[in-house]
Amino acid sequence: DELKATVRKQLQGAELSPSSYDTAWVAMVPLQGSPQDPCYPQCVQWILDNQQLDGSWGQSAEVNKDTLLSTLACVVALKRWNAGPDHIKRGLNFIGRNFSVAMDGQSVSPVGFNITFSGLLNLATEMGLEIPVMKTDIDGIFYLQEIELARDGGGTVVARKAFMAYVSEGLGRRHDWDLVMPYQRKNGSLFNSPSTTAAAAIYSRNDKALDYLGSLTSKFGGSVPAIYSDNLYSQLCTVNTLEKMGISSDFAYEIRDILDMTYRCWMQNEEEIMSDMTTCAVAFRFLRMNGYDITSDGMAQFAKQSCYDDSIHAYLNDIKPLLELYRSSQVCFSENDLILQKIGSWSAKVLKQQLSSGKISKSVTPEVEYALKFPIYANVEPLEHRGNIERFKPNSFHLLKSGYCVSGADEEILALAVDKFHSAQAVYQQELQYLESWVAEFRLDELKFARVMPLQSFLSAVAPLFREELSDARVAWAQNVILTTVMDDLFDGGGSMEEMTNLVALIDKWEKHGEVGFVSQNVEIVFNAVYHTSNRAYAKAAMLQKRSVVDHMAEQWAVLARAMMTEAEWVASKHMPATMEEYLSVGEYSFALGPIVPLSVYLLGHELPEEVVRSGEYARLLRLASVVGRLLNDAATYGREMGTGKPNAVLLQALRRESASSGGGVSPVSVAAAKEDVKRVIAASRMELQRLVFRDGHVVPRACMELFWQTSKVSSVFYAEEKDGYSHRAMRGMADAVILHPLQLQQPQV
């Protein structure tokens, strides 16, 4: 509870650590009408009160370029008002002793260091300050400045202009401030940077800049942070972190309040959201995925790659906005949404280019690789949580023009995430043991024709139902995956026509199956497992639903059995459906979601009256998830099924594209084109499902609808490999990571 309380406090707004560098620049702003006095004397006092014993200022305990920059800025600020002569002397001595660090080309540099540090050296020289170093060393710094000014960074000419505006305090009077002021935001700041804004107040005497600085000092007192916008950005960052770490459900009420506020800002086109690439992308994704009805019009400003190429992010090779734009583009509700399609296309291309060229830092590379391999519609959330937890760096040090820490609840977030992940794993492992004993109890392991894979089947349950408390829904899902797979194997060559007919009759009769009898031990094992396992789960569901669910669920089994029988008859008679409609009228049911998903939906605990599960909306959810799964399966397995004569969507589409009269075959060209046709249908169905779940659905409870969306994600992961189905090796690796292997946490650096 204490950990959660700290996180809730951070959700109200992150605490930003003081920046000595930015505070020094704010301290240098003169009072209007009285230029011999500081406008913000509390900043001068903070500098006097916060010098380190070694004479330095700054965040880091070690000597680095950030410490040198901050120390020089504080010395110049004190000299500007002739304050603290002893502080100035000790600061200058520190700089002199460690000046070689500024010349070290291998050490990590703050953004624009060669410009900002040399700019402060200029100011120090003008003020008559003597830094105890050789003149050749100072000349060396000015030479590095000239190289930096001539350097061509990433992005375009426009991006370079933005960068030069961002570090314009380092250019001082040399700079044309009329070129800087177009970057001023409605809050009065330049880039939400106190140092750049303070320089604008000094050199251009801008009133809006003074208003921003006034609000800063009113909020923070004597010190200011390295970056400051309104609260919403930091709140969305925290929400994003909680989601990535798998603990957002513990803060649902607080997150809803933040998203309500974000929605109001979005609808009012607030600059705080719309002017920042990362904030806008994150806000759009969260709002859409949480049921807020917004169009993609607000994202139109990012439809062209130039929005990134012309930004300071491109100049600094900052990949975060690019990654968030790519993610947001996948929350697409229509194939006609050209804005999101364009964003998705160019952002994916640039991310892949950055990866292949090695321009992405090693710390970010795994996240980018994962995002490209597993888009939003095809990811395993607990696997993503694991990777994010293992890479998480509490209170990690950020370096812009100066260093800062986002102090707050990072340690608490990590502790909660680790505890939740390991606690869930313990539950998963118990459930897996139960699943294995259940397989033995019903003798399913005796069926020689059947694929009985408890671990992989259980993974397919954990992926959509990873929350620890959803145990009944998760176990029922895994059991039904095993049972439907066994049935599929029986109908797909594992049983005789007599056995198949017998099983269909038994399932049709359900409670009166004794009237039918068993023609073989295999059929008896399969039916008993289906019947008795189902009735156990239906009894649990009845307690939650306060009514019987037997009729509805037995009907789902009967529909599945008849669909599988029809497909077996097609193969036996070498019948090929004439149209895709005829094929899917059977294929969507034979994919077997009917017995799996509705039961787990019942077991989520939300009351679902008969009229809800019989509604058109519910049927549409199940149909779309089934179509996505069936077509993904077909695209992955068409090679094997072409050899067995089993109808398949890819084969049907290839036959439609060309006449197969000569020898009855299809060309590789037609097959390739047919696969693309099928992929388009998958994409359209997936978007329709996403739209129904996150925007249009009103009859089925939201949490229940989301399980249908999660179902389509499972299908997308399991059939991502187009080599006759998913890779068992890849699935085993995922299962180990999610269910069996403990977290491998980074050791804190001493």
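The C-alpha centres of domain 1 and domain 3 lie 62 Å apart. The chain is divided into domain 1 (17–224), domain 2 (231–399) and domain 3 (415–740), with bounds that come from an automatic or database domain assignment. This is a predicted model, in which local features need pLDDT of at least 70 and side-chain atom pairs count only at pLDDT 80 or more, while totals for chains, interfaces and linings use all residues. Residues are numbered from 1 along each chain as its sequence is written, and side-chain values use heavy atoms, with hydrogens and water left out.

The largest nonpolar core has 125 residues; such a core is a set of buried Ala, Val, Leu, Ile, Met, Phe, Trp, Tyr and Cys residues joined through side-chain atoms within 4.5 Å. Buried means under 20% relative accessible area, exposed over 50%, and partly exposed in between (1.4 Å probe, protein chains only). Helix 27 (residues 550–573) contributes the most to this core, with twelve residues; helices (H or I, at least four residues) and strands (E, at least two) are DSSP runs, numbered from the N terminus. At least three residues of this core come from each of domain 2 (231–399) and domain 3 (415–740). Leu 444, Met 487, Phe 491 and Ile 739 have the most contacts inside the core. Leaving aside neighbours within four places in sequence, Ile 739 is in contact (heavy atoms within 4.5 Å) with residues including Gln 425, Tyr 428, Leu 455 and Phe 458. A second, separate core of 71 residues includes Ala 27, Met 28, Val 133 and Val 167.

Ser 19 is found in the loop between strand 1 (15–16) and helix 2 (20–27). Ser 19 counts as buried because its relative accessible area is 1%. Its side chain is joined to that of Asp 22 by a polar contact of 2.7 Å, a polar contact being a pair of N or O atoms within 3.5 Å; within protein, one must be able to donate a hydrogen and the other to accept it, and residues adjacent in sequence count only if both atoms are side-chain atoms.

Leu 92 belongs to helix 5 (residues 85–97) and is buried, since its relative accessibility is 9%. Leu 92 and Pro 132 are 40 residues apart in sequence and 7.1 Å apart in space, C-alpha to C-alpha.

Gln 184 lies in the loop between helix 9 (157–166) and helix 10 (194–203). The side chain of Gln 184 reaches the backbone oxygen of Gly 188 at 2.9 Å and makes a polar contact of 2.7 Å with the side chain of Asn 206.
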